[in-house]
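Reader: I've got a model open and would like to learn how to read a few of its features. Could we go through them one at a time?

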Amino acid sequence: MKLITTLLFAVLLAGCASVGTPIDVSATSQLVKGKSTEADAIRIFGPPSHKTLNSEGNVMMMWIHTTASAKPESFIPIVGAFAGGTDVRQQTLTILVGKDGRIVNWTSNDSRQDVGIGGSAVRPKP
C-alpha cells in the first residue's frame, strides 16, 4: 500500500513544471525608451535568462518563463493515450539596450500551446 501511495504522489507531482520567474509585462510601463537603463530593467524584472551582445554593440536581454501542466485526462488508462497531453505557456520579454546603456526598445510575447500525446499534434491555444 505504501508503494502505491508513493507512486501516486510521484505521478501527481510530475503533472506540473515551471522554469523561470513569471513576467509582469505590465511593468514595462515603468520603462522609458531612451531614458531607462539596463540597471532599471534588472531592478524591475530581476536578472535576465539570457544576455547577448549583437554585432552593432547593443545588448539584448531576455526573460523567459515557461509552465507546463499535464491535463487530467493524461492519467486515465487508455483514454490518456488519445485525449491526454500538456498545456504549455511561455512568456518572453526581450529588451534592447543601446551602446549608451539606455533602453532602445522592448518586445513581449505570451503564447499557449496544447501538446498532445502520441499521434496528437501541437495545437496553439486561443
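Predicted model: local features only at pLDDT ≥ 70, side-chain atom pairs only at ≥ 80, totals over all residues.

Reader: Is S36 buried or exposed?

Author: Buried means under 20% relative accessible area, exposed over 50%, partly exposed in between (1.4 Å probe, protein chains only). S36 has a relative accessible area of 6%, so S36 is buried. Helices (H or I, at least four residues) and strands (E, at least two) are DSSP runs, numbered from the N terminus; S36 sits in the loop between β1 (16–19) and α2. Leaving aside neighbours within four places in sequence, S36 is in contact (heavy atoms within 4.5 Å) with Q30, L31, G101, R102 and I103.

Reader: And which residues of α2 are buried?

Author: An α-helix has 3.6 residues a turn, so residues three or four places apart point the same way. In α2, the buried ones are E38, A41, I44 and F45. Seen down the helix axis, the buried residues of α2 fall within an arc of 130 degrees (taken from the directions from the helix axis to the C-beta atoms), so they line one face of α2. A39 and R43, on the other side of α2, are exposed. After α2 comes G46, with a positive phi near 85 degrees.

Reader: How many aromatic pairs are there?

Author: Rings of Phe, Tyr and Trp (its six-membered ring) pair if their centres lie within 6.5 Å; planes under 30 degrees apart count as stacked, over 60 as edge-to-face and the rest as tilted. That rule gives one aromatic pair. The ring centres of F45 and W63 are 5.6 Å apart and the planes are at 55 degrees, so the pair is tilted. It links distant parts of the chain, with F45 in helix α2 (residues 38–45) and W63 in strand β3 (residues 59–70), 18 residues apart. F45 and W63 are both buried.

Note on methods: Residues numbered from 1 in each chain as written. Heavy atoms only, no water.
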